[in-house]
Amino acid sequence: MREWTDEELTRFSRQIVLREVGGVGQDRLLRAKVALVGVGGIGAPASLLLAAAGIGTLRLIDHDQVELSNLHRQVLFDPDDVGRAKVGAADARLAAKAPGLRVEPFPVKLERSNVDTLLKGVDLVLDGTDQFEVRSLVADACAAAGIPLVSASVQGFDGQLILLRPYLGAPHPSYRCIYPEAPGPGQLPSCSRSGVLGPVAATIAGLAATLAIKTLLGLEDPAVAAPLCCYDGLGGMLHQIEIPRTAAAGHAAPCIPAYADG
């Protein structure tokens with residue numbers, strides 16, 4: 001285990017005293033590399049939480065620029081960031097938040113031709129992107145490479161997330177077990193049309209960051225498939241739905257996916 005500095009011991013003391021974390025667990029987090037695909041409504045607050053928790057390296061993948069309409073939910077950014085590349089603005093903000101954090105900014109669009117390269121060498125991927133095609137690419141790449149994937153989404157007052165590890169075999173489902181076919185036009189409305197409440201995005205980001213940290217610490221039983229967690233912000237309810245390993249033809253997710261980064 002690493003030699004801790006006094007500053008590190010103080011900074012992370014409230015986590016180190018947790019029985020589930022300890023010095024060994026905190027050391028594991030500091031050595032971890034997490035890729036965030038999308039630095040938007042979910043990725044922006046999640047990156048802050050992961051950096052503050054002591055994740056050693058964050059790889060940020062996003063080709064968009066900060067827009068004024070992003071600011072109510074993408075709390076990593078300020079009005080002065082409007083027009084800047086998201087990963088560039090995030091790099092500076094996260095470096096100030098977490099000294100010692102290594103940020104790997106990739107201001108590129110994730111596509112079939114580069115997905116394997118962009119995700120190579122990471123310990124976990126957190127996906128909060130706003131396109132079904134990209135989410136499918138990320139899920140397939142993670143499944144092939146044996147990388148745990150936290151897939152999270154939000155729209156309106158609702159959100160959902162799931163930990164996907166299909167490479168472990170049954171009973172773990174894949175993303176294609178949830179969506180065997182791409183949704184048709186208009187089935188997945190964007191937040192620009194349907195709206196999203198900023199604190200709900202932060203809630204899902206917090207749940208996703210917690211799930212990512214638990215996975216990195218080995219607190220997610222590899223013999224148990226993670227359920228799909230659905231959050232109803234209006235009703236204040238969080239419920240879980242088991243997803244079968246093999247979905248019947250035409251099976252759709254019990255919760256309609258929604259995206260906060262558009």
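This tour visits a helix pair, a strand and a loop in turn.

The model is predicted, so local features need pLDDT of at least 70 and side-chain atom pairs count only at pLDDT 80 or more, whereas totals for chains, interfaces and linings use all residues. Residues are numbered from 1 along each chain as its sequence is written, and side-chain values use heavy atoms, with hydrogens and water left out.

Select helix H4 (residues 43-53) and helix H10 (residues 198-216) to begin. Helices (H or I, at least four residues) and strands (E, at least two) are DSSP runs, numbered from the N terminus. The axes of H4 and H10 are 8 Å apart and the helices pack at an angle of about 40°. Axes are lines fitted to C-alpha atoms, for helices over the stretch in contact, and angles run from 0 to 180 degrees between N-to-C directions.

Next, display the side chains at this contact (heavy atoms within 4.5 Å). From H4, Pro45, Ala46, Leu49, Leu50 and Ala53 meet Ala202, Ala205, Gly206, Ala209, Ala212 and Ile213 of H10.

Move to strand E5 (residues 149-155), where 7 of 7 residues are buried (under 20% relative accessible area, 1.4 Å probe, protein chains only). Leu149, Ser151, Ser153 and Gln155 point one way from E5, and Val150, Ala152 and Val154 the other way.

Finally, select Pro171, in the loop between strand E6 (158-164) and helix H8 (175-178). The peptide bond joining Ala170 and Pro171 is cis, with omega about 10°. Most peptide bonds are trans.

How values were computed
Buried means under 20% relative accessible area, exposed over 50%, partly exposed in between (1.4 Å probe, protein chains only).
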